Amino acid sequence: MVDSPGLTKKFQKELNAGIASLVLLSVLDQSREPMYGYQIARLLEEYSGDASFMKQGALYPVLHSLESSGLLESKVEPSVSGPPRRYYEITAEGREMLVTWQGVWTQMKSFVDRAIKGG
Amino acid sequence: MIKSVEEYLDLLKVELKESDSATVQDALADAEEHLRAAMVSLREKQPQASEQEALTLVIEQYGSPEETASAYKEVERRTVPSLARTAPARQDSALKRFLGVYDDPKAWGALLYMLISLVTGIVYFTWVVTGLSLSISFAIFIFGLLFAVFFAVSLRGLALLEGRIVEGLLGVRMPRRPLFIQKDVTWFERLKSNLVDKHLWLSLVYFFLQMPLGVIYFSLVVTLFTLSLGLMAAPLVQTITDFPMLSIGVMKYHLPVWSTPIFLFVGFMIWTVAMHLSRAIGQWHGRYAKAFLVTE
């Protein structure tokens, strides 16, 4: 008996690993102002519509890892209500990297599409 | 069923108990920031929803403590702090490992850290001694309470700053943000929660000790490296100027030419050993700073 929801979840998680970085960089590249985690999560929710691709909690470690690679920078600012917020902004290196990654993604997408359609 | 944000954070902490303490601190701060912001926004959109319904929905979107913890663990496995590098492979020859220290950013970082620790040590020490004595003497006034809270908060800020320096130069992963400070509590409660926090006292001790340590580190680095440079430069200086190595009365003693390689070699060895020593001290200091400054 195949555990189909389990396998689908695993497949989704493996797909997300790299895509999350690309998506986060793109969102921050398009944004005029620095954004905080919940703001980004809300925007992604809007993009994904009814489908939920990844848990919002999984975005944060990716943000930290992009920051430690120098592709993002962040600052903590107090908020009117609740705890202080960490605002993220894309760096010049991040923008350069995004262009490369977008290229990789376009190639990858057409490759996968062709493989699925069979030529 | 999770009943409060605090309960969620406790469960997340349990899930991450084997992770690096800095990762745990990041994860808790992220979750707290997100869950509270999401709760506020959800209550605005759906004022009829009960607290429990709102929380369940918010956690459903954010992910269970288990899911969140696994996301952090996953990324933690792939991320390395700024200077952390794999140790030199065992099969390298002893000579290669001995000289490899020049290619190790940790050794250079530690060297720089030891030099600047004199300055930071003096700043921390002055701040702590002034803040502590003013807090104690102001305690008889009402505003003394405010001052003590301000001092406690400033210590957290300093701990964070020192954490950034330690991570940048010594390559030890340190927390990237301060822990959440609870709002809607009175100044007195805030002071009380600070006073019972073990890490506040530990960071106080750390900053206090940073001055003597800074003096020791600085003197050690300056002594060893000037000795090494002096030994290496002596034969060279002697050839271009007429300055003797030693002069007693009118007698001037010059180094014989054949001793030049010996001086160069000894000077170089002292420098290399000093680099190894700096790296070792840097690693030890990183562990000590982490134990004293990072809130688990």
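In this predicted model, Pro61(A), Val62(A) and Ser65(A) of helix α3(A) meet Ala71(B), Tyr72(B), Val75(B) and Arg78(B) of helix α4(B). Two packed helices are described by the angle between their axes and the distance between the axes. Here the axes of α3(A) and α4(B) come within 8 Å and cross at roughly 20°; because angles under 35 degrees count as roughly parallel, α3(A) and α4(B) are roughly parallel to each other. Their crossing is right-handed.

The contact between the chains as a whole involves 24 residues of chain B and 18 residues of chain A. On the side of chain B that touches chain A, α2, α3 and α4 of chain B each supply at least two residues, and the largest share, 10 residues, comes from α2(B).

Within chain B, helix α9 has 43 residues and, from its first C-alpha to its last, reaches 60 Å, which is close to the 63 Å expected at 1.5 Å a residue. A kink of about 40° in α9(B) lies at Ala233(B), shortly before the proline Pro235(B). Pro235(B) is itself buried, as are other residues of α9(B), among them Tyr206(B), Phe207(B), Met211(B), Tyr217(B) and Val221(B).

How values were computed
Residues numbered from 1 in each chain as written. Chains lettered and ligands numbered in written order. Predicted model: local features only at pLDDT ≥ 70, side-chain atom pairs only at ≥ 80, totals over all residues. Helix = DSSP H or I, 4+ residues; strand = E, 2+ residues; numbered from the N terminus. Expected span 1.5 Å × (residues − 1). Bend = angle between axes of the 7 residues up to and from the residue. Buried ≥ 20, exposed ≤ 12 C-beta atoms within 10 Å, placed from the backbone. Axes fitted to C-alpha atoms, helices over the stretch in contact; angles between N-to-C directions. Parallel < 35°, antiparallel > 145°, perpendicular 65-115°, else oblique. Left-handed = near helix turned anticlockwise from the far one by under 90°. Contact = placed C-beta atoms within 7 Å.
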